[in-house]
Amino acid sequence: MRPRGFVALQALACGVLLAFLALPLVALFTETPLGDVPRLLTSRDVVNALKTTARTNLIANALILGFGTPAAWFLATRRFRGRALVVTLVELPLVLPPAVAGIGLLAAFGAGGLLGGPLQDAGIVLPFTEWAVVIAVTFVASPFYLRQAISAFEAVDPTLTDAARTLGASPARTFLRVALPLAAGGLAAGWVLAFARGIGEFGATIVFAGNVHGETQTLTLAIYEQLDTSFDTALAVSVLLVVVSAGTLLSYKLLSQWRFSTSTSAPAFARTPSTSP
Amino acid sequence: MALVGPSGAGKTTVLRTIAGLRGADGGHVRLDGTPWLDTAARVDLPPERRSVGLVFQEYALFPHMTVAANVAFAHGDDPATMLARFGVGHLADARPGTLSGGERQRVALARALARDPQVLLLDEPLAALDTHTRATVRDELDALLGDLGIPTLLVTHDFRDAAVLADRVAVIVDGRIRQTGTAAELVSAPADAFVASFTGATVVRGVATPDGRGGARVALDDGGVLTAATAAAGRVSVAVHPWDVRVTTDPPRPGDGGGVIAGSAGRLVPEGGRVRVRVGCLVAELEADAAAALGGAAGAGETLYATVAPERVRLFAHDPAAVATPARTVTDPSGGRPAFAARRPGEPA
């Protein structure tokens, strides 16, 4: 007879874990007065928080992709002294407690901080503004993208980029037409993780940007505030964020399947009858 | 032109340096007087400004593009025309991942030549292929290269590939060219024991003593004696091509004067229309009927006798002083070809 005890133990552990992970999600949907959700989500505070979240995350994600992509390509293809140190530094915010990140940002950009003085002289005050939210989100979310992007670029076969060069492509064209499309899946995965982390950002934001209605209050901060005043509103915003998160995960999974089955470049000339599949 | 050598000899490094994918500490690469790389003059053109077509070992087709888009990437001649020229026009819309090795090679060639480069570089063009398609693709490639009429430098670890595909062959070891010549020249007059073994010779060691008639007797370490037409003394490497070895079941008469190696026979291995058999430390390659004449002796562990005509026994110095000059200048006895003087590694050109 085959030993079944150990398999049963694994199944049990799996069941317990699944129940534990699913329970809060189920509770969210059962405890929320779902009929009231449209009304709760259109209250002024929630709409403002939604706008703030969308605006700040849009800018933060643009910054992460815009600076992160070339930086990741650089780090993935160059070998220099201190590279390991640089990569570690890039990944540090991943393990940094968000509140510490917030304090660090205050120490850097706050009044009397490292750059705060000169910035203030130039008429720029960052803490407790919407820009502070952007900075906080960028700080905590960018490593998720960078890490994935570096490994995605490292996985691009260097002979392919070499081939592109010998075919007359400049380094920039090689990057855009060969490296970028081949790394696209990994880059999208990294971006999805960074996006999810940015939407859920709480700790660094509340420390560095505060909780100012209509200015720095994001959806997660709104949940925190509504706990005391309107638990139903907190529940409704939570349901919204669950839907957003699930949608993000699903679109990523669909995206990664889709990219293997389609072309990233149009045929250069009209189709000719093909004799082979 | 082919560059052949064992792995790690620096063959691919040479190609990458010519293509500009790799820098160099010193030296120059020139095409028709145009410097591509000249470390002294601080010239180092980027790959995209060198008129070179490089076909990579694994062909390096862009997997995310169709075959046509791969060729169109070069911004050169019309992809449809190029593909048709290489007989793969019908694959224009296919993905590289769905192609066979031979098809990939043709697409890679079409892509590399789309820009009308002045030089074609092929890195191990046959290494990525299965053994059974290799010979076919090699002949196809030979025909294609013949039609192209473009200067081609190909790199391979297989001397036979080089012999089929190139007019001239250079043997490279440890980053140095050991010998350059036609494949026939390398076979008939190898510059050293390594080149000889690379062209298919069996290399064994022994001690040579001059025979007083301008030749030498070599007592082999593994047993047996060979006589050579060249003078030598001391420890030598002896190179013998398998097709120069005669095999008999009876010992040759002592009056023949030639050396003989007696050894137990190995298994008969068919190789094309010929048969290879190991006799002692030598490998002999025989016509099929000659092998049949040996009867059941081979393979049964019975003793066979191998002899080699003295002028076909090539001696190389262990220590360069051991082989008397002009032993390195060997006249090909069969072809009556003029003496081919080979340059030793390290000697000035």
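**View 1. Strands 3 and 4 of chain B pair up through two bridges.** The two strands run antiparallel, with strand 4 spanning residues 43-44. Here strands are DSSP runs of E with at least two residues, helices are runs of H or I with at least four residues, and both are numbered from the N terminus; two strands count as paired if DSSP finds at least two bridges between them. Look for B:Leu37 opposite B:Asp44. The hairpin leaves four residues between its strands, and B:Arg42 in the turn has a positive phi of about 55°. Everything here is a predicted model: local features need pLDDT of at least 70, side-chain atom pairs count only at pLDDT 80 or more, and totals for chains, interfaces and linings use all residues. Residues are numbered from 1 along each chain as its sequence is written, chains are lettered from A and ligands numbered from 1 in the order in which they are written, and side-chain values use heavy atoms, leaving out hydrogens and water.

**View 2. Strand 3 of chain B also makes a hairpin with strand 2.** Four bridges hold strand 2 (residues 28-31) to strand 3 (residues 34-38), again antiparallel. B:His28 faces B:Asp38 across the pair.

**View 3. Chain B has an open sheet of six strands.** Reading across, the order is 5-6-7-1-8-9, with mixed pairing. Strand 5 (52-55) and strand 9 (176-181) are the edges, each pairing on one side only. On average, neighbouring strands are turned by 20° against each other, direction ignored; the axes are lines fitted to C-alpha atoms, and angles run from 0 to 180 degrees between N-to-C directions. Inside the sheet, strand 1 (residues 2-4) runs parallel to strand 7 (residues 152-156), joined by three bridges. B:Ala2 has B:Leu154 as its bridge partner.

**View 4. Helix 8 of chain A (residues 158-166) is mostly covered.** Seven of its nine residues are buried, meaning under 20% relative accessible area with a 1.4 Å probe, protein chains only. Among them are A:Leu160, A:Asp162 and A:Arg165. The buried residues pack (heavy atoms within 4.5 Å) against helix 3 (44-77) and helix 9 (171-199) of chain A, plus helix 1 (11-19), strand 5 and helix 4 (101-113) of chain B. At the N-terminal end, A:Asp157 is the cap, with a side-chain oxygen 2.9 Å from the backbone nitrogen of A:Thr159. Just past the helix, A:Gly168 takes a positive phi of about 100°.

Key
Buried < 20%, exposed > 50% of the residue type's maximum accessible area, 1.4 Å probe, protein only. Polar contact = N/O pair within 3.5 Å; in protein donor to acceptor, adjacent residues only side chain to side chain.
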